[in-house]
Amino acid sequence: MTRTPPKDIAHRGAPGPFVAPSRYRNRARIIHDLLPYLAILPTLVTFIVLLGYPLLLLLETSMQKFGLYEIINHVTTWIGLQNYHDVLFQGPAGLPDFLTVLFRTTVFMLVNVSLTIVLGTLVALLLERLNKWVRLVLTAAMVLAWAMPVVTGAVLFQWLFDSKLGVVNWAISSLGIFGDYLNHSWFETGLTTFGVVTVLIVWQAIPFVALSLYAGLLSIPKELPEAARVDGGSERQIFRHITLPALAPLLMMLTFLSVIWDFKVFTQIYAMAQGGPDQQTITLSVYSYIVGIAEQKYGYAAAASVVMMLLLLVVLIPYIRRMIRSLEEQ
Amino acid sequence: MSRSTRRIVLNGLGILASFFFAFPVYWMVNTAFKSQEQFQTYTPIFIPTPTLDNFTRALNQPHFLDYVRNSVFVSVTTVLLALIVGFLAAVTLARVRFRGRRSFLLLVAVAQMAPFEALLIPIFLAIKDWGYNWVPTLIIIYFIFTLPFTIWSLRGFVAGIPVDLEEAAMVDGATRFTAFWRVTLPLLAPGLVATSIFCFITAWNEYLFAYTFMSEQTHYTLPVWLVSFRTFLGTDWGATMAASTLFTLPVLIFFLVVQQRMVGGLTTGAVKG
Amino acid sequence: MRKSKFIPIVFAAMLVASACSSSSASPTAAPATQGPAVTQAPATPAPTPAPATCTTLTVWAMPGSFTDANAAALNTSFEEAHPGCVVNYQIQQWDGIVNKLTTALASNNPPDVMEIGNTQAITFEAAGALADLTSSRAALGGGTSNVSSDPGQLWLASLNDASVYNGKLFAVPFYAGDRILVYRKDLFKKSNIDITTITSKDKLIAAAKKLKADNASVTDFSGLYLPGQNWYALMQMIWDNGGQIATQGADGKWAASLSSPASQKGIQDYIDYYKAGSTGPKDNDEANPPEWTLFNQGKVGMMIANGWEMGLVVAKGGVVTDAAQVGAAKIPSVNDGKTVPVFLGGSVIGIAKNSKNQAAAIDWVAQLSAPAGQNLMVGEGWIPSLKQYAANIPDTPANVTLKIQAAEAAAGSGFTPNATGWAAVEANNPIKAMLTAILTGATVDAAAKAADVKINAVING
């Protein structure tokens, strides 16, 4: 480290009483002030140009009658806020209305996020306390679950929960505690279908949360809990006063991400049940798929997703502000 | 509870949890080795009489090697691009107090909320004149997908490394840059690895854009291979499961190779901090 | 120490990346070479089939329609007739095909010829995405009239229906397939049932019950296997009773009619069949679990299945290991001696309206209606698109099932409502939900009326 010649310090423009102000120093200062903006410039360009332009197009198409005919024949038909009106107030007679779907989606999201975060935290705490080999096995198992393609996962869970040939019903029946489950239909009611979808989603989401939190746990200096233990602190107190505060920023971020992901979940629900049975598992994303994409009303679908994004924004902005504040304090 | 009982209980829980996560994966691999009449039976077959037929059919799919090449190219480039751009932004956010920093953080959060599936058609309109059926288009798209998370994640890891370490090195005469390169970057290794696993899985698994925006078999990626066993005649589930098994393998290898470093590096960081 | 180990990894990864990017230089260059590779083919289809000029003709087919050898044969014969023109033959996937076709057709370089599932075709025809082929109808082999029932119309009626929109021809029938009754010959013999005596719904139910009683020792045995949600089989029963899924009014609007008395009779037939001892899941369809797997495991005496499932039910290791154990028959109607009208699934072929090679594209598609093309489809196990060929499938052992399928189709066939919103109906199929509801306790009338409301909400686009 001492190889660096000391004159480098002067080059960095460190202020000193004997360094006369010069054009050279001013320029260095300007560069120094600009440096952070240069560093975030690629990101800014990505978000504002590469992401912003498609978002603008999304907004534009949401105010058009925009379907297969228009996209192929390059026709533009402006219809103002008609699509938004349809999304919000005129849910097609055959489908559940927007508020029902919104409520259902929100409940579904809350259940999934809570399960993911709570169980993920528990698994992270468990990982910290396991011996080396069990830890490696558990971590590898989680990475495998995480890496499984979503579509494969949906098919597998459909098989596992099949009423006759599924391993789950076979295992429950073999246990003998709950009686004969051999013909139990999991996909017969909306609630149990949501149940199976939730197991799939949580199963695939825990690994990411648990591994991130475990990494966070490792970065808490070991001395702190040990000192607390010496002072007679219980495990629960250590968790509340040392571990939890240290993990708070990370937990907030993971919750934020889970909310976004689980609110928008589509593939798992659609691949397993197409919104059935009897439309009971139609969530917002399935709703906009059925009306928007299957029917190729892209303008309608655009309006639906703008509404979804705005809803998320309105709900999450205060949370994001808090999250940013807590990050600053870190 | 004595210390050793506690340890046994905890490790037992760990094994139970491993079982929960691994079982569906095991079922996928198990099915991949089953012959057709074995794969759904009333009494589950846990250890099949293994057959490689499914793997043979999966690998004999035309253009398989094109898919592999495209997938590796797209995923690895996406990871590198996202890490480089995200790293610059993350370090700046964590280490420099500049005007507009909060707004920038807010922008990253909002970008994270963008509805990507819904952007399929808008992105198509944006790229159709130059990027349709062009493999690098996928890299740009996945890069946009993964950048917000990369910045969030890396910022956290950088912020977790005490500035004191760098400053100590600078007192020893290192420039800010050398101090960062020599001291902070190695401690960041686990963070870079953890983040890159996320980016890799995202790019590696993406189907919708890969299938919709490419139009020739030589331009497709592996997720397209995964669904190619569905025909008008129904789906070849055996081959699908064999393909899924092979498809998941690189992620596991990637993880096993880097995990030692990840955990090791993290502990080192903690001790020094 | 660790830091020095990590950095080489980054560099190694970079090397891999750069190696990959250089090796894939050729595919990235491809679009550039394709762009200008188009000559000035006439914008409207040429009525005279003189060899059309082109340099590359892009053809999209779906997996399983052609074997590689048959596809190559078609392409080679086309290339020989069109010197200098190369066929770029691509197989696409079913998952996400509607998005895929939409963007491809809107792109600057759309595929010239593309296979479209017959239930999806209406969407693209109505949107004006496909070339109007009416003036080339005769050249394409379809005869002189677009009206399915006219004698001058040569294609199978259902396929012609899927190809005609607003009186104009926008696609060319490709092939069709339908369902048959697959049964266990050995079990029939054991129970002393003669398949030729099963000529009506009542006789089919009696046979199902007898088979179930005679095989009571087999766990979960179904005399007639039917899952809760096989809505294709249901449609056939509805047609059989004179009902319809939906009817088109004079104003062109569609209205669902599952609750009409005739349709309700068809629904009741389905429930009667199910209750004759099927052990299929009430909440799932024929693919979950795959019915052929159950058949192979000896759990099924008879089932209403696709022709191609005949090949899947026989497999080593199961109970059904020999093709001689399996037979195929026509699906009986409620009316003694008749068969049900069958749902004719299949594909049609469209030519992109924005294609710059329309004349050449027509030449390629015309091959399918030529004798060689028709024989090719028979060889693939599909019902060929021309009525005349479908009625005269050669009597060979390989064609036994196909001949039964073709005979059913000739006796009567039906199709999903050719409405612009039909894809949206199928996206969240209310008919499946209706069946599950009835099987778990709802009345046919109430469930059918509820399904009608849901269909009406989306069927008109």
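**Exercise 1.** Let's start with C:L181: find which residue stands opposite it in strand 11 of chain C.

*Solution.* Step one: C:L181 faces C:I304 in strand 11 of chain C. Step two: look at the two strands. Strand 7 (residues 179-184) of chain C and strand 11 (residues 300-306) of chain C run antiparallel, with five bridges. Strands here are DSSP runs of E with at least two residues, helices are runs of H or I with at least four, and both are numbered from the N terminus. Strands count as paired if DSSP finds at least two bridges between them.

A word on the model: it is predicted, so local features need pLDDT of at least 70 and side-chain atom pairs pLDDT 80 or more, while totals for chains, interfaces and linings use all residues. Residues are numbered from 1 along each chain as its sequence is written, with chains lettered from A and ligands numbered from 1 in the order in which they are written.

**Exercise 2.** Work out the strand order of the open sheet in chain C.

*Solution.* Step one: the order is 8-11-7-12, with mixed pairing. Step two: strand 8 (222-225) and strand 12 (326-329) of chain C pair on one side only, which makes them the edges.

**Exercise 3.** Describe the side of chain A that touches chain C.

*Solution.* Step one: 31 residues of chain A contact 33 residues of chain C, where contact means C-beta atoms, placed from the backbone, within 7 Å. Step two: helix 3 of chain A gives the largest share, five residues.

Note on methods:
Two residues are in contact if their C-beta atoms, placed from the backbone, lie within 7 Å.
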